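My entries follow in the order of the look-ups.

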Amino acid sequence: YLLICIGSIIISNFGLSHHIPVRIRYEQLMWGGGHALQFSNVVFLIVSWNFILGSFLKSPFLTRRELLGVFTWLAFPALVMPFLPMAYTSGVLSRSVYTELMRWGIFPPVLFYLWLVLTRHGRALSLACRKVACSDLRIVTFFASAGLLLAGFVFGAFIRGSDLRLPGHYHASIGAVTCSFVGLVYVLLAEQGLISASAFKALLGRAQAGFYAIGQLLFSV
């Protein structure tokens, strides 16, 4: 997806007319590549969730076939995206095709993944929460990331044009990716023995992820 993103921008640069207004030109230039980049972000987000939940649950929490289904769905648009800049260099059609690919290429597999996790392991995850605050940084980052991504989906459903609903949707979604990376970094550091397992219980780490998620949500709203 990163290569598709770069390729989309390069092809669009050669195909776009230099006579259109600069603001419109750069929006169309980055539109396809930006959507390809968002697919890349969500793929790495799911990978991060796998590390986080696998570390916490201490067992395979989804089958290989189920994970294959999620990643296959996320990968399918990669078969189409390389050809879009050549077919639809500019205009409303290009915007709508990329937007629909992102909508139906990301929303269903992510919801399917979350549904599988919560129906099978919801009790174990809920036991990790005490009163208001979660007792484990991995759970904080997972729920914060999932919550922000779902908020991004909701905000995206209200988009009707080029106004502040666009960045509201985007920043909630990209905040979800950042939260998942925070959890992933802690898990990898613990696996390499660079931090102890007690770091997952530390209040400062949980507050770091929690405050970031709350701030990003307020910003997006």
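**Entry 1: a pair in helix 5**

I started with Glu-100, which counts as partly exposed at 33% relative accessibility. The model I am reading is a predicted one. Arg-103 is also partly exposed, with 39% relative accessibility. I found the side chains of Glu-100 and Arg-103 joined in a salt bridge, 2.8 Å from N to O. Both residues belong to helix 5 and sit three residues apart, so about one helical turn separates them.

**Entry 2: the count, and a pair across the chain**

How many salt bridges does the rule give? I noted five. One of them is between Arg-120 and Glu-66, whose side chains meet at 2.3 Å, N to O. This pair links distant parts of the chain, as Arg-120 is in helix 5 (residues 92-127) and Glu-66 is in helix 3 (residues 64-75), 54 residues apart. I then checked accessibility on each side. Glu-66 is buried because its relative accessible area of 14% falls under 20%. Arg-120, at 44% relative accessibility, is partly exposed.

I next looked up Asp-136, whose side chain meets that of Lys-201 in a salt bridge of 3.5 Å, N to O. The two residues are 65 residues apart and link distant parts of the chain. Asp-136 lies in the loop between strand 2 (133-134) and helix 6 (137-157), while Lys-201 lies in the loop between helix 7 and helix 8 (203-220). Is Asp-136 buried or exposed? I read a relative accessible area of 0%, so Asp-136 is buried. Lys-201 is partly exposed at 45% relative accessibility. Through salt bridges with shared partners, Asp-136, Arg-138 and Lys-201 form one network.

**Entry 3: helix 7**

I checked the length of helix 7 (residues 165-191) against its end-to-end distance. At 1.5 Å a residue, its 27 residues should span 39 Å, and I found the end C-alpha atoms 40 Å apart, which agrees.

**Entry 4: His-169**

I stayed in helix 7 for His-169. His-169 is buried, as its relative accessible area is 15%. Which backbone oxygen does the side chain of His-169 reach? I found that of Gly-152, at 2.7 Å. Leaving out residues up to four places away in sequence, I listed Met-102, Gly-152, Phe-155, Gly-156 and Ile-159 as touching His-169.

**Entry 5: a nonpolar patch**

I turned to the surface and found a nonpolar patch formed by Leu-2, Leu-37, Phe-44 and Phe-181. Together these residues have about 350 Å² of accessible area. I looked at one member, Phe-44, which is placed in helix 2 (residues 22-57). Phe-44 is partly exposed, with a relative accessible area of 44%.

**Entry 6: Leu-3**

I recorded 74% relative accessibility for Leu-3, which counts as exposed because the value is over 50%. The C-alpha atoms of Leu-3 and Pro-82 are separated by 9.3 Å, although the two residues are 79 residues apart along the chain.

Technical notes: Residues are numbered from 1 along each chain as its sequence is written. This is a predicted model: local features need pLDDT of at least 70, side-chain atom pairs count only at pLDDT 80 or more; totals for chains, interfaces and linings use all residues. Side-chain values use heavy atoms; hydrogens and water are left out. Helices (H or I, at least four residues) and strands (E, at least two) are DSSP runs, numbered from the N terminus. The expected span of a helix is 1.5 Å times one less than its number of residues. Buried means under 20% relative accessible area, exposed over 50%, partly exposed in between (1.4 Å probe, protein chains only). A polar contact is a pair of N or O atoms within 3.5 Å; within protein, one must be able to donate a hydrogen and the other to accept it, and residues adjacent in sequence count only if both atoms are side-chain atoms. Contact means heavy atoms within 4.5 Å. Patches are made of residues with over 30% relative accessible area and no salt bridge: like charges are joined within 9 Å, nonpolar side chains (Val, Leu, Ile, Met, Phe, Trp, Tyr) within 5 Å. Accessible areas come from the Shrake-Rupley method with a 1.4 Å probe; for residues, only the protein chains shown count as cover. A salt bridge is a side-chain nitrogen of Lys or Arg within 4 Å of a carboxyl oxygen of Asp or Glu.
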